[in-house]
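Here is a short briefing for a reader meeting this structure for the first time. Please keep the sequence and the 3D view at hand while reading.

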Amino acid sequence: MLDVEVSQSVIDHALSLGADFADLFVERRRVNDVNTLSDKVQSVQSGIDFGIGIRLVYGTKVLYGYTNRTDADELKRITSELAARDAKAAEPASGGFDFRVPQDLHPVVNKLSDDPEGDEKVACLLEADQAARVTSDYISQTRGFCMQIEQDIEVFNSEGLHTRDTRNYTRVGTSAIASDGGEQATGGWNDGGLIGWEVRKRIDPKEMGNEAARQALVNLKAKPCPSGRMPVVIGPGFGGVIFHEACGHLLETTSVAKKASVFHDQMGELIANPVVNAVDDGTMTNEWGSLNIDDEGMGTQRTQLIKDGVLTSFLVDRMGAQQTGYDRTGSGRRQNYSFAPASRMRNTFIESGDSEIDEMIGSIDKGLFAAHMGGGSVKPGTGEFNFAVREGYYVEDGKIQHPVKAATLISTGPAVLKEISMVGKDFSLACGMCGSVSGSLPTTVGQPTLKVDDILVGGNE
Amino acid sequence: MTTQDRANSVLDQVNAAGASGDLIVDASQSLSLKARNGDLEEYKVSSRQVYGLRVIKDGRVGTAYSEDSDASALESIVEQAIVNASFAGEDLNETILPNAGELRTDDALLHPEEETNIEDQIEMALRLERELGSRNKVTSVPYNGVQDTSSERQVFTSSGMSALSRSRVCVCYAYAIAEEGDNNAMEGAGQVSRLFSDLDDARVVDKAHTDCLSILEGKPVPSKHYDVIFDEETQTDMFGVFASMFSGKSAKDGVNPMRDKVGEGIADQRLTIRDNPLIIEGQGYALFDAEGTATRATPLIVDGKLETLIHNSATASHFDLQTTGHASRSPRSTLGVSLHQIEILPGTESEASLKSGEYVELTNLDGLHSGGNPISGDFSFGAAGYLCKDGHRVQPVRGITVAGNFFQMLKKIAAIGSEQKWNWQKDSLMPSIRFSDVAISG
């Protein structure tokens, strides 16, 4: 995408200004969004983003700029502006680039640039709409979306790295609203991956619509949730957001290096119940949070974060490695060229255990079964996190009683990790978007069903 | 080739294809500084431009955008937008308004001239970290920064309108982590202004430090229903989560529970809310919307009764109404609606009466993006604040949740204060409201 000679001249210019390290991140992103409302296409949008990010490093200081232009003069002008206050005696020019083709771990068949497949996408979403509507007369509205992205990236750096990759993302989803008089409730379903439109083969639009409608109908009948401290069984898949918020963000060197993580000095220590094993893995084939290379050009990897409750690794990008001394884990990620990279999660999950869900529910006198979770957030400095229950049930005497609504679970990372007492076998993954210092990124969360012995449930009863 | 030339070329192609359309061109330049350990951690400069086209052909709407502004890229977005329109359902309500002529915002007001020295901006970033980091019990200042962004938006339509708006936003902020024994807390503060010289970083440091220490020894309160007063930040957050209750677009889409309630009482009779883009000192000040329609103060709830939803020309046409001047659109989006700056009119309650007896003052809400459902009105958020009695904070409170139904809460107002306050982003002006019978879990 960017002429190699231009790239070389900009990197050389940065080094001549005394930068310890410099890299260029070049990005072209094609986007196609199809949205339906009820049984009609509401909008189809498409676009192209293109830009170049320039990063200079002086010691631990990061200087970052970006532009939509590709000419050497503009790129050097930005470089000079960035370095104006830090320029020092010139270093020798770099020795050229070594072009490396990353291993393609995530083969794609139907790319956006080949064919946006507009008719097929519309047909899929309208079939889901129909399936949701026939479920019940209480279903009053549906929405559907299909988002497809083709992101070409290219990285050049002053250590001679030149590499490029193409990432294809596709995500499909539907939501339903159930209404009964003045009461309204929602449900939703989505699936996606680092994959092309061939994702359609694994999606059943009827199942998609049925599931969204089922959730909406359950929530329509839900009662206010009891509140207070209680045991909670958290369902598989998106339930993994508990680990993402309670622990994952606290293991990113973006927080660790600043000591803005409660785990910053606990490497090798027992930080979770010994039944907990946790992983961040960018290699999983065609998963939503997977990569071939990170946004600093490093090959992705599987990183064991917690083994038998013991902290075994942080998530480390280039600056994190420099600041903490830990090896890079291929975790430098960014939303697009307008952000400098930071250490971020990929596919992050708790591994399977050996408990059964009936055993977990059966062990509860009074508590909650959070079958499906919504999103959450965390303050890394204190570990305080929250996440929302999208579909929940009150449990009494070891049995599920009735659905409940509007519940949030809150705790701190160190506390909740020690309260996970049982881990199930029904492992699954779910995709989401994670927002942090380097923007909004595709990340996968996952877990089998697990039991937290004691956590604060915020309900409205 | 100027932006006007490019716009003319694009709209000529749109006309030649038998369509009408509008083109938004956004450009921005920004500086972002962050400090760490006494030195700059981040120095970020940016320059960005994007062209976003909406076309309407045979009653169908399509959009496309490009960050590349060469002739072939702009030709491509015309083709893409027209192809995209061919998939869309017919909607005869959406048209390009026959507004013509030139509109321009007042630079002296929204983008005032100021000679800003970069060294002064760097010094402020360093000072924020240094001063807050040196305060009692503060162990680090992990998040801090100074930002200066100049933005320009041009809108061109096939009916001959040309609108130019320019704005500048300067921001400084800092978050501290304080520790004492086994307790720790992270709190922050910020300020936004149109002039760098109006930023008061010392005040930001004082507020961040005070808030951090005040909450440090916070603990849960017993679970029960309390009267609750949100501070100006969290009250703005609450109304923001449920702002789509005023959306004519959501009503048109069948996902706004207030759709059929215009003219009905939906809140306590003492509550009056309006959208007021004409308050000059607010960051939401605007004289025209994304379709070029003049804005005005719009009563939304008057004496508890829902007066109107907010509309662009398309949603207004759908309901056989007039636009309320709330059209919104970015280069990357379709036509929508949005509030400019929300204002709740002051009540008559004295401070002493508003804050009599026991109540919980909430100064922090967590999980706003996930814990509220704007369709059902249900919410449950992590929260922090203070247990208060007769206007005095008697105990900092942390590790609690607040839950309820926002639409029902609007009917359970115990008192409305008589003094309006801006939130720190300065786009919301509200008095304190005391809500009764809110579920707090601790």
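The points below cover the fold of one chain and then its interface with another. The model is predicted. In it, 68 residues of chain A touch 68 residues of chain B, and about 5,500 Å² is buried between the two chains.

**Chain A by itself**
- Chain A contains 9 helices and 23 strands.
- With a radius of gyration of 24 Å, close to the 23 Å that the globule rule gives for 461 residues, chain A is as compact as a globular protein of that length.
- Along the principal axes, the C-alpha atoms of chain A fill a box of roughly 75 × 55 × 35 Å.

**Extent of the interface**
- The size of an interface is often given as the accessible area lost when the parts come together.
- Of the area buried between chain A and chain B, 48% lies on carbon and sulfur atoms.

**Polar and charged links**
- Between chain A and chain B, 39 residue pairs are in polar contact.
- The interface of chain A and chain B also holds 7 salt bridges.
- In one salt bridge, the side chains of Arg143(A) and Asp253(B) meet at 3.3 Å, N to O.

**Who contributes on chain A**
- Strand E2 (residues 40-58) of chain A gives the most to the side that touches chain B, with 10 residues.
- That side of chain A is made up of 26 nonpolar, 29 polar and 13 charged residues.

**Strand pairing across the chains**
- Strand E3 (residues 61-67) of chain A pairs with strand E2 (residues 39-57) of chain B in the parallel sense, over 5 bridges.
- Tyr64(A) stands opposite Lys44(B), which lies in E2(B).

Terms used. Residues are numbered from 1 along each chain as its sequence is written. Chains are lettered from A and ligands numbered from 1 in the order in which they are written. This is a predicted model: local features need pLDDT of at least 70, side-chain atom pairs count only at pLDDT 80 or more; totals for chains, interfaces and linings use all residues. Side-chain values use heavy atoms; hydrogens and water are left out. Contact means heavy atoms within 4.5 Å. Buried area is the accessible area (1.4 Å probe) that two parts lose on being put together, summed over both. A salt bridge is a side-chain nitrogen of Lys or Arg within 4 Å of a carboxyl oxygen of Asp or Glu. A polar contact is a pair of N or O atoms within 3.5 Å; within protein, one must be able to donate a hydrogen and the other to accept it, and residues adjacent in sequence count only if both atoms are side-chain atoms. Helices (H or I, at least four residues) and strands (E, at least two) are DSSP runs, numbered from the N terminus. Ala, Val, Leu, Ile, Met, Phe, Trp, Tyr, Cys and Pro count as nonpolar, Asp, Glu, Lys and Arg as charged, and the others, Gly among them, as polar. Two strands pair if DSSP finds at least two bridges between them. The radius of gyration is taken over C-alpha atoms; the globule rule is 2.2 Å times the number of residues to the power 0.38.
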